[in-house]
Amino acid sequence: MKTVVPKIQMKKCACAVLAGGMLISSMSVPSLAQANNTVPQVNTENQSKTVGNTLTNMETTLADKYVSYNEETKSFELSPSIGIVMPVDRVKLVESYVEETNKQLRLAENNVDEEAYAVTPSGDVSSVSNGSKIMLYKAGVTRVDYHWNYCRIKISAGALKFAVSGGIALSGVYAPAKIVRAACAIAGLSVSSIKFKNGVWFDYNYLIGVLTGNAGKQ
């Protein structure tokens with residue numbers, strides 16, 4: 001008599017890794033992909049959408065060589081020659097990142113109340129908004145630094161109290177409270193503090209709504 005052994009289905013898990021860190025959470029944003037709102041659990045269906053809109057570390061490093069910043073137009077530019085080294089579908093993804101970031105730069109340009117900067121792949125920093133004061137290394141600032149495929153958000157100690165409970169909007173980018181709290185956890189800051197002694201900085205891929213593993217105290 002044959003013994004029937006039931007087959008066990010194994011489901012493959014797709015994990016997205018962003019340039020500069022691991023995927024922490026997914027968040028719905030008004031541009032590009034819609035992602036899951038739960039931290040740290042990731043919905044499989046929404047996760048696949050996130051993966052489809054994510055560049056690998058290798059692709060990002062490669063694209064860095066073909067992205068530049070034009071100070072006259074205050075926008076990032078992608079060299080057409082990238083098509084020689086990258087497949088068409090991935091080039092289109094890079095283009096979509098650059099286009100979305102340039103939209104954010106245009107929103108930030110005439111904002112006199114907030115500081116916004118553009119950072120090239122080589123590390124050069126240019127002011128974007130009219131409110132930018134070029135105080136690039138001052139501790140405890142509240143500002144956003146745009147890279148072509150993500151932004152670095154800096155929140156001062158004074159503003160952090162409100163950001164951990166209600167999120168923060170800076171120069172067209174909104175980081176929800178859960179993202180801010182996750183960044184504080186990475187940086188070693190307690191979100192239950194009545195008064196913060198330090199500010200926080202973190203890298204946020206607002207294009208697909210995820211926090212990378214890069215964060216620290218100001």
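Me: Taking helices (H or I, at least four residues) and strands (E, at least two) as DSSP runs numbered from the N terminus, where does serine 122 lie?
Reply: Serine 122 is in the loop that links β5 (115–119) with β6 (125–127). The model is predicted, with local features needing pLDDT of at least 70, side-chain atom pairs 80 or more, and totals for chains, interfaces and linings using all residues. Numbering starts from 1 along each chain as its sequence is written, and side-chain values use heavy atoms, without hydrogens or water.

Me: Is serine 122 buried or exposed?
Reply: Serine 122 counts as exposed because its relative accessibility is 62%. The cut-offs are under 20% for buried and over 50% for exposed, with partly exposed in between (1.4 Å probe, protein chains only).

Me: Switching to β11. How many of its residues are buried?
Reply: 6 of the 6 in strand β11 (residues 200–205), so the strand is largely enclosed by the rest of the structure.

Me: Which residues sit on each side?
Reply: Val200, Phe202 and Tyr204 are on one side, and Trp201, Asp203 and Asn205 are on the other.

Me: Which strands does β11 pair with?
Reply: β8 (residues 151–155), antiparallel over 5 bridges, and β12 (residues 210–217), also antiparallel with 5 bridges. Pairing needs at least two DSSP bridges.

Me: Which residues stand opposite each other?
Reply: Among them, lysine 154 faces tryptophan 201 of β11, and valine 200 is opposite lysine 217 of β12.

Me: What about glycine 209?
Reply: Glycine 209 has a positive phi near 75° in the β11 and β12 hairpin, where 4 residues separate the strands.
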